[in-house]
Amino acid sequence: MAKMYYEEDCKIENINTKKVAIIGYGSQGHAHALNLKESGVNVTVGLYEGSKSWAKAEEAGLEVKTAKDAAAWADVIMILINDEKQVKLYQESIKENLTPGKYLAFAHGFNIHYGQIVPPKDVNVFMIAPKGPGHTVRSQFEEGKGVPCLVTVYQDETGDTMDVALAYAAGLGGSRAGVLETTFKEETETDLFGEQAVLCGGVTELMKAGFEVLVEAGYDPESAYFECVHEMKLIVDMINDGGLSNMRYSISDTAEYGDYTVGKRIITEETRNEMRKVLKEIQDGSFARNWILENQANRPYFNATRRIEREHPMEIVGAKLRKMMSWLKK
Ligand SMILES: NC(=O)C1=CN([C@@H]2O[C@H](COP(=O)(O)OP(=O)(O)OC[C@H]3O[C@@H](n4cnc5c(N)ncnc54)[C@H](OP(=O)(O)O)[C@@H]3O)[C@@H](O)[C@H]2O)C=CC1
Ligand SMILES: CC[C@](O)(C(C)=O)C(=O)O
Ligand SMILES: [Mg+2]
Ligand SMILES: [Mg+2]
């Protein structure tokens, strides 16, 4: 069983005497900067001249500098810009400011694990990886709760890197939920696998397939959307609260019988074999290489697919229906 840390193990004093630069102010960056600041940590956001995030961070009451100036100022430098942009940022703005004993931190292990960023040996390196979207990291914190995080130390020059990492998790709110010890390898490979095969790639294709089958059989797109997309959250919330048994307690016995008899016909041995191939491509670096090359070519596949996916009929009908759901946040 991996080691878990809770509030009593995560002492904010180990970070609130340090200066923390949060580089990037997107999904994760805004949550880290605001949560840490509200936890009493001395935070500055690092961005680039012309960044659209700059004004947002200032409006939220945060100090903002260029990434280079923030890295020079800070003791702890948390890199929260897009994974594919981190190498250039590191080379141009971070590396020269990594004096011995500073702490370089990540929320995802991609660039360390695949050897794209190689920090000097006399610098501390750790990861705090929230297991949830940045906007949830922020909203849970505001509600007095937290999103569970993974923690790991890659280099420990000063001997206190785990204490600083756990203190960071306390400031972020992660220790309210629990912090699980991992490695850069495990976090990177399981995170990529989870988002590709299950959480993002798996779920979106499952929803689209269900929606398309119902619509091609002549059912209303609106009914298809409710059945295959809208109800997903309600079902997943019950699983989150109390596991599969909790969800199955709440659904009808008819649904539960269908769950047991049909689910295995949808996720077959062929699907599992494909998942095994996907995992292998993550482990052997093929996925990382393809993603790095896709970016070097200015993302032709990514951009075209993003456009095509936005035009999918399920997205069109979903947008129309969500406007009618007064209880949804705008
Ligand atoms: N999204 C999530 O919930 C999760 C993300 N992670 C990890 O967190 C990290 C950040 O991802 P995410 O929050 O999604 O990123 P986003 O795409 O949401 O935000 C990126 C931010 O970085 C800024 N930025 C881009 N280039 C530079 C640069 N050269 N110098 C300074 N700032 C720059 C952007 O500014 P502008 O918009 O103005 O260009 C923006 O504020 C990644 O490592 C990711 O894997 C981990 C767990 C979950
Ligand atoms: C599931 C996607 C994720 O891994 C996340 C929110 O945890 C990401 O990279 O955004
Ligand atoms: Mg993730
Ligand atoms: Mg991820």
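**Close-up views of the predicted model**

**View 1. Glu227 in its helix.** Glu227 belongs to helix 11, made up of residues 221–250. With 15 other C-beta atoms within 10 Å, Glu227 is partly exposed, since that class falls between the limit for buried residues, 20 or more, and the limit for exposed residues, 12 or fewer.

**View 2. Positions annotated in UniProt.** An unreviewed UniProt entry lists Asp191, Glu227 and Glu231 under "binding site". These positions span 41 residues in sequence, and the farthest two of their C-alpha atoms are 28.0 Å apart, so they do not all gather at one spot.

**View 3. The surroundings of ligand 1.** Ligand 1 is surrounded by 26 residues, of which the closest are Gly24, Gly26, Gln28, Ser51 and His108. Two or more residues of this shell are given by each of helix 1 (27–38), strand 3 (42–47) and strand 7 (124–130), and helix 1 supplies the largest share, three residues.

View 4. When the shell around ligand 1 is divided by residue type, 12 residues are nonpolar, 11 are polar and three are charged.

Definitions and conventions:
Residues are numbered from 1 along each chain as its sequence is written. Chains are lettered from A and ligands numbered from 1 in the order in which they are written. This is a predicted model: local features need pLDDT of at least 70, side-chain atom pairs count only at pLDDT 80 or more; totals for chains, interfaces and linings use all residues. A residue is near a molecule or strand if its C-beta atom, placed from the backbone, lies within 6 Å of it. Helices (H or I, at least four residues) and strands (E, at least two) are DSSP runs, numbered from the N terminus. Ala, Val, Leu, Ile, Met, Phe, Trp, Tyr, Cys and Pro count as nonpolar, Asp, Glu, Lys and Arg as charged, and the others, Gly among them, as polar. UniProt positions are given in the numbering used here, feature names are shortened, and annotations may be inferred rather than shown by experiment.
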